[in-house]
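This report describes selected helices, loops and individual residues of one protein model. The sequence and the structure are shown first, and the description follows.

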Amino acid sequence: MNHGGKTSKIIRDVVHGYISLCENDLHIIDTPLFQRLKRIRQTGAYSVYPSANHTRFEHSLGVMHLGMKVLESLGIDADERISNTVRYACLLHDIGHAPFSHLGEAFYSKEELINWLNIGLNNVGLTNTIMGSMGSPHELCSCAIVLNKFADRLLSYGVDLDLLCRMITGQKYNTSDKFTEDCLIDILNSDIDVDKLDYVLRDAFMSGAELIAIDAERLISAYTIHNGTLAFSGKALSTIGNLIYGRNALYFWVYNHHITVYTDFLFRRLIKYLINTVPEGREELFTYESIAEKLADDYDLITFVRKYMSIDDYARDLYNQLFNRAFYKSLWKTPFEFEAIIKDPAHQDAFIRLVGQFRKEEDGLEELERRIIEANNGLTKGDFYIAVADFKPFVPVAGKAVYIMLGDKRKRFQEIFQESIYQNPFREIPYIFVKNEQVKNILVNRLNEGRLL
């Protein structure tokens, strides 16, 4: 499988062992744009698990490593075009991440990124071949950077830029003559893609939470293709089960740990408040040019926050909580405690619906907090905050299934394995963080009465 020549460097990765890099890889990796990923944290879980300080840099190397292994395992007849397209789509898929990754991504302008993507498409003669609006903001930014900054080099490697961008954004061709290409897209962007596999393995290892024990080699050997989509063969059922249960546990105890949720919330609200107060902050940190030209990273964002954190009492209070660990207390820490504290299921559901209704709007949760304060004597601004945990089970009942092949029969994961405690009945759980015991008593009593507003 040709991917750009002989091995030039070998990197020791804590998750995958040795990763081989060729000269062509290094021409991309050793650029300021790619090196910037060393200064973009992978996850906010470090607020709970101090060792989880890994970055998008090593994650990108890991995804490339896994992508090539899965491609080989699938047995696809991979010429230079296919091999190098998969390789560099995996390597560059996160090149457009904002400072603090998904937390900062919320401050991108999708319209601006689509404009830069279209400029790149025009430059390489791919006008209208890719629907620019598809994909998350960081995926669109990654594609724009690939087309505007790396196109000439990638074309010299024989890369199919249209397919590479589709792999990053997940947009399939859905035509009979592009069957192989659609399967390649699944490798990087599907329910069982190598992006998810790497972050599950890496985040679990780096957090030290010891939630997952997966034989990655065995799992990779189980990847197969059925009816044009990526699936697992049934020869590694125990490993598949470990992956899916482990991923759910990771969401439950790491990504949605109440402190992780709260620190992400505090940072997001503080950034939003400061950017609204100091509009040039967005231009400095969350535009295509700030990423592609100025290489904005986590350190730039922290510098911005520290510069303006004393702008008023509200910003100072959020900063103090976040950087001095002066956290408020959560009324509940897990979905199980949520059910124990709000005892009536109807009141639980009503509260979740209420939060969901307000959350749809840009400033919705702040408006909900304001209305709760107006409706309840004894509460003032800053007494409490509402944040939401998103639980994303690997096999959501209402979403796409993960399929497992048993002989010539295709089965859904949930038809083979029993449900676990991590498949709780709530897709979203609102957390309420309170300043003191008095605020806690007021809110708990009102929640149990079903009369929060």
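M309 is found in the loop that joins helix 17 to helix 18. In this predicted model, M309 touches A315, R316 and Y319 once residues up to four places away in sequence are set aside. Between M309 and L188 there are 121 residues of chain separation, and their C-alpha atoms are separated by 39 Å.

**Loop residues with positive phi**

Two further loop residues have a backbone feature of note. L295 is not a glycine, yet its phi is positive, at about 60 degrees. L295 sits in the loop between helix 16 (288–292) and helix 17 (298–308). R325 also has a positive phi in a residue other than glycine, with a value near 55 degrees. The loop that holds R325 runs between helix 18 (313–323) and strand 5 (329–330).

**Helix 3 and its two partners**

Two packed helices are described by the angle between their axes and the distance between the axes.

| Helix pair | Angle between axes | Distance between axes |
|---|---|---|
| Helix 3 and helix 10 (residues 179–188) | about 140 degrees | 10 Å |
| Helix 3 and helix 11 (residues 194–207) | about 125 degrees | 9 Å |

Because angles over 145 degrees would count as roughly antiparallel, helix 3 is classed as oblique to helix 10. The crossing of helix 3 past helix 10 is right-handed. On the side of helix 3, the residues that meet helix 10 are V63, G67, V70, L71 and L74, and on the side of helix 10 they are L184, I187 and L188. By class, the residues of this contact comprise seven nonpolar, one polar and no charged.

For the second pair, the angle is about 125 degrees, with the axes 9 Å apart. Helix 3 and helix 11 are therefore oblique to each other. Helix 3 passes helix 11 in a crossing that is right-handed. Helix 3 contributes E58, H59, G62, V63, L66, G67 and V70 to the contact, while helix 11 contributes V194, D195, L197, D198, Y199 and R202. The residues of this contact divide into six nonpolar, three polar and four charged.

An α-helix has 3.6 residues a turn, so residues three or four places apart point the same way. In helix 3, V63, G67, V70 and L74 are among the residues that meet helix 10.

**Burial of helix 10**

How many of the ten residues of helix 10 are buried? Eight of the ten are buried, and the helix is mostly covered. The buried residues are E181, D182, C183, L184, I185, D186, I187 and L188. Their cover includes helix 3, helix 4 (80–92), helix 9 (161–169) and helix 11, together with strand 3 (223–226) and strand 4 (229–233).

**D94, a buried loop residue**

D94 is placed in the loop between helix 4 and helix 5 (101–105). Is D94 buried or exposed? Its relative accessibility is 1%, so D94 counts as buried. Not counting residues up to four places away in sequence, D94 touches L37, R56, H59, S60, H138 and S142. D94 and D195 are 101 residues apart along the chain, and 9.7 Å separates their C-alpha atoms.

**Helix 14 and I271**

Helix 14 (residues 258–277) includes I271. The 20 residues of helix 14 should span 28 Å at 1.5 Å a residue, and this agrees with the 28 Å between its end C-alpha atoms. Helix 14 is mostly covered, with 15 of its 20 residues buried. I271 has a relative accessibility of 0% and therefore counts as buried. Its contacts, apart from neighbours within four places in sequence, are with L103, F107, F286, L301 and V305. The C-alpha atoms of I271 and I302 are 9.6 Å apart in space, and the two residues are 31 residues apart in sequence.

**Q348 in helix 20**

Q348 belongs to helix 20 (residues 345–359). With a relative accessible area of 5%, Q348 is buried. Apart from neighbours within four places in sequence, Q348 is in contact with F338, E339, I342, K343 and F426.

Key
Residues numbered from 1 in each chain as written. Predicted model: local features only at pLDDT ≥ 70, side-chain atom pairs only at ≥ 80, totals over all residues. Heavy atoms only, no water. Helix = DSSP H or I, 4+ residues; strand = E, 2+ residues; numbered from the N terminus. Buried < 20%, exposed > 50% of the residue type's maximum accessible area, 1.4 Å probe, protein only. Contact = heavy atoms within 4.5 Å. Expected span 1.5 Å × (residues − 1). Axes fitted to C-alpha atoms, helices over the stretch in contact; angles between N-to-C directions. Parallel < 35°, antiparallel > 145°, perpendicular 65-115°, else oblique. Left-handed = near helix turned anticlockwise from the far one by under 90°. Nonpolar A, V, L, I, M, F, W, Y, C, P; charged D, E, K, R; others polar.
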